[in-house]
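This report describes a protein chain shown below as sequence and model. Please keep both in view while reading the sections that follow.

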Amino acid sequence: MNTNSVKMPEIYENGIHALKTHDSRWHALIEMIGPCDLRHTSPQETHEALIKAVAYQQLHAKAGDAILKRFRKLFSNGHFPTCEEVLLKDKSEIKACGFSETKASTILCIAEAGIAGVIPRREKVVEMSEEQLIAKLIQLKGVGRWTVEMMLIYGMGKQDVMPSSDFGIREGYRRLYDLPEQPKPNDISLRTKELTPYRTLAAWYLWRVPRDFQARYEKEFESKQRSEDAGCVG
């Protein structure tokens with residue numbers, strides 16, 4: 001998700017420091033990956049951020065980008081439509097952009113909810129907690145927790161979101177701590193709770209844990225241990 005993205009590394013400095021001092025594995029991971037360059041879109045209305053998150057459900061980012069580009073072209077000047085403009089289109093027109101039947105229905109549902117005031121506007125979203133927003137928005141047809149979490153990260157710039165059911169997050173955590181199997185979503189939520197208020201940053205790194213992390217971690221640890229031992233002898 002990269003439309004109109006703005007790089008803001010300065011907002012992650014405190015979080016990176018907190019994660020690196022959390023334990024040696026987080027420290028090693030951040031040293032391997034480097035500084036976070038997480039990008040999120042410029043300020044959006046809630047319905048826009050939510051529709052974009054729906055577009056990327058179960059799709060590669062490039063496929064989602066292409067679908068959204070066609071969706072924009074349905075409207076004058078290629079701008080992102082208001083809820084009222086979305087409802088002027090037939091479901092068949094929305095499907096023609098590449099959306100499935102279910103996603104097209106969800107988009108129309110989001111537009112209706114936006115007009116009805118069910119979906120909070122961006123200025124209200126800023127005041128709400130992540131869990132409050134998730135509880136409110138998953139009531140919409142076709143919108144699950146993962147979709148709202150992606151919206152919060154990429155569309156709203158929320159800094160304390162951990163998509164615990166995401167396969168990549170669970171696999172990343174397994175690799176990070178060399179576990180025999182992926183933790184369950186509830187376990188991820190519990191284990192990462194202590195990373196508040198930097199869980200979005202933590203998620204970004206968990207998505208990038210290399211397959212050979214354990215081997216590289218052990219090699220680095222052994223190297224440091226030898227250096228420390230040599231220092232003691234000296």
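In which hand does α1 pass α13 in their crossing?

## Basis of the model

The structure is a predicted model, in which local features need pLDDT of at least 70 and side-chain atom pairs count only at pLDDT 80 or more, while totals for chains, interfaces and linings use all residues. Residues are numbered from 1 along each chain as its sequence is written, and side-chain values use heavy atoms, with hydrogens and water left out.

## The crossing of α1 and α13

α1 passes α13 in a right-handed crossing, where right-handed means that the near helix is turned clockwise from the far one by less than a right angle, and left-handed that it is turned anticlockwise. The axes of helix α1 (residues 13–20) and α13 come within 9 Å and cross at roughly 65°, the axes being lines fitted to C-alpha atoms, for helices over the stretch in contact, with angles that run from 0 to 180 degrees between N-to-C directions. That angle makes α1 roughly perpendicular to α13, given that 65 to 115 degrees counts as roughly perpendicular, under 35 as roughly parallel, over 145 as roughly antiparallel and the rest as oblique.

Gly15, Ile16 and Leu19 of α1 make the contact with Leu201, Ala202 and Tyr205 of α13, contact meaning heavy atoms within 4.5 Å. By class, this contact has 5 nonpolar, 1 polar and no charged residues; Ala, Val, Leu, Ile, Met, Phe, Trp, Tyr, Cys and Pro count as nonpolar, Asp, Glu, Lys and Arg as charged, and the others, Gly among them, as polar.

## The chain as a whole

The chain has 14 helices and 2 strands, which are DSSP runs numbered from the N terminus (H or I with at least four residues for helices, E with at least two for strands). Buried residues make up 45% of the 234 residues, where buried means under 20% relative accessible area, exposed over 50% and partly exposed in between (1.4 Å probe, protein chains only).

The accessible surface of the chain comes to about 12,300 Å², of which 51% belongs to carbon and sulfur atoms; accessible areas come from the Shrake-Rupley method with a 1.4 Å probe, and for residues only the protein chains shown count as cover. Among the contacts in the chain with a separation of 6 or more, residues 24 or more positions apart account for 66%.

## The pairing of α11 and α12

Helix α11 (residues 167–176) and helix α12 (residues 185–192) pack at an angle of about 60°, with their axes 11 Å apart, and are therefore oblique to each other. Their crossing is left-handed. On the α11 side, Ile169, Arg170 and Tyr173 meet Pro185, Ile188, Arg191 and Thr192 in α12, and the residues of this contact divide into 4 nonpolar, 1 polar and 2 charged.

## Buried residues and their partners

Leu176 lies in helix α11 and counts as buried because its relative accessibility is 0%. Leaving aside neighbours within four places in sequence, Leu176 is in contact with Arg25, Trp26, Leu29, Leu206, Val209 and Phe213; of these partners, Val209 is 33 residues from Leu176 in sequence and 6.6 Å away in space, C-alpha to C-alpha.

Met162, in the loop between α10 (145–155) and α11, is buried, with a relative accessible area of 9%. Its contacts beyond four places in sequence include Ile169, Ile188, Thr192 and Leu206, and the C-alpha atoms of Met162 and Thr200, 38 residues apart in sequence, are 5.8 Å apart in space. His47, placed in helix α3 (residues 46–55), counts as buried at 12% relative accessibility, and touches Phe80, Pro81, Thr82, Cys83, Ile110 and Ile119, not counting residues up to four places away in sequence.

## Backbone features in loops

Which peptide bond is cis, with omega near 5°? It is the bond from Thr196 to Pro197, and Pro197 has its place in the loop between α12 and α13 (199–206).

Gln58, in the loop between α3 and α4 (61–72), has a phi near 55°, a positive value in a residue other than glycine, and is exposed, with a relative accessible area of 82%. Asp178, which lies in the loop between α11 and α12, also has a positive phi, of about 55°, although it is not a glycine; Asp178 is partly exposed, with a relative accessible area of 43%.
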